[in-house]
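Please walk through this model with me, from its charged pairs to its helices. Keep the sequence at hand.

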Amino acid sequence: MCLSLTALEERRREEEERRRGPYQPPPSPLMIPQASMKLSSSLELLPPSMSELRVVLLGNSCSERSSVGNFILGENTFNTEEEPERCLRVRGLIKDKEVVLINTPDLLLSSISEDELREHVGTCVRLSAPGPHVLLLVLQPEDFTEEHRQRLCRVLELFSDRSFHHSLVLISTPREEQPGFMEKYRQHPPVKEMIQMSRDRVLLKKELELKELLTRFGQIVEENNGEHLKC
């Protein structure tokens, strides 16, 4: 009887070890620890001495900018229903790196005067001091007009004459999807020109993985020798 109990206990231990073995269940996008692991593994291009990554969110849609910010942070921090009246800064810790996101009000509105535009950009510069590493241009393609393009270029000019060295275009999913819609909007002249001016750095939000986005951030930092934008 003692032998059979011992054998049973050994069998249970073996089964428990097998369950805790190298196999791991597929990752779930709702699991925050798994998301944190993806984040840390995709910041490998950042210099070891760099403890903070600063990203400014710009574009022609309040809800899309805020949605992308929440996507990066892994939580609903920014309100996607209300336009912020001023620039907002949020910090998120990723392993030993801090990611600082600065969300902006809609700076592409023609109703905003030049003085107001300068004031908003000045606030954004202070919140991202000593300077942002990435300017993420979140474009809602069907609404992005030539006037928006000119306005966005003016905003980037107020940051620095080297803003496009640090910029990345992220094309949002159109509200009404049709076959070939993404290629169509990539060829839309205002969007296409922003992509070209951003050194052909572009991502599509549809089916975008967080790891891919953060890897692009790391590549931009690497291309700029680890330097932030000097505003």
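Is Arg54 buried or exposed? Arg54 is buried, with a relative accessible area of 6%. Buried here means under 20% relative accessible area, exposed over 50%, and partly exposed in between, with a 1.4 Å probe and protein chains only.

This is a predicted model, in which local features need pLDDT of at least 70, side-chain atom pairs count only at pLDDT 80 or more, and totals for chains, interfaces and linings use all residues. Residues are numbered from 1 along each chain as its sequence is written, and side-chain values use heavy atoms, with hydrogens and water left out.

Arg54 has a charged partner. It forms a salt bridge with Glu52, and the closest N and O atoms are 2.8 Å apart. A salt bridge is a side-chain nitrogen of Lys or Arg within 4 Å of a carboxyl oxygen of Asp or Glu. Glu52 is buried too, at a relative accessible area of 17%. The pair belongs to a network of salt bridges that links Glu52, Arg54, Arg91 and Glu98. By this rule the count comes to 12 salt bridges.

Two other pairs deserve a look. Arg65 meets Glu83 in a salt bridge at 3.0 Å, N to O. This pair links distant parts of the chain: Arg65 sits in helix α3 (residues 62-73), Glu83 in the loop between α3 and β2 (88-94), 18 residues apart. Arg65 is buried at 0% relative accessibility, while Glu83 is partly exposed at 36%. Lys230 and Glu227 also join side chains, at 3.1 Å from N to O. Here Lys230 is exposed at 55% relative accessibility, and Glu227 is partly exposed at 39%.

Now the fold. The protein chain has 8 helices and 6 strands. Helices (H or I, at least four residues) and strands (E, at least two) are DSSP runs, numbered from the N terminus. From that end, the elements run α-α-β-α-β-β-α-β-α-β-α-α-β-α. Of the 231 residues, 45% count as buried. Contacts are heavy atoms within 4.5 Å. Among contacts between residues at least 6 apart in sequence, 74% join residues at least 24 apart.

Take helix α4, residues 114-127. It has 14 residues and reaches 20 Å from its first C-alpha to its last, close to the 20 Å expected at 1.5 Å a residue. That expected span is 1.5 Å times one less than the number of residues. Leu117, His120, Val121, Cys124 and Leu127 are buried in α4. Seen down the axis, the buried residues of α4 fall within an arc of 120 degrees, so they line one face of the helix. The arc is that of the directions from the helix axis to the C-beta atoms. On the other side of α4, Asp115, Glu119 and Arg126 are exposed.

Helix α7, residues 189-197, buries Pro190, Val191, Met194 and Ile195. Down the axis of α7, its buried residues fall within an arc of 135 degrees, so they too line one face of the helix. Just after α7, Arg199 takes a positive phi of about 60 degrees.

Finally, confidence. pLDDT is the predictor's confidence in each residue, from 0 to 100. The mean pLDDT of the protein chain is 82, and 78% of its residues reach 70 or more. Where pLDDT is low, the predicted coordinates should not be read in detail.
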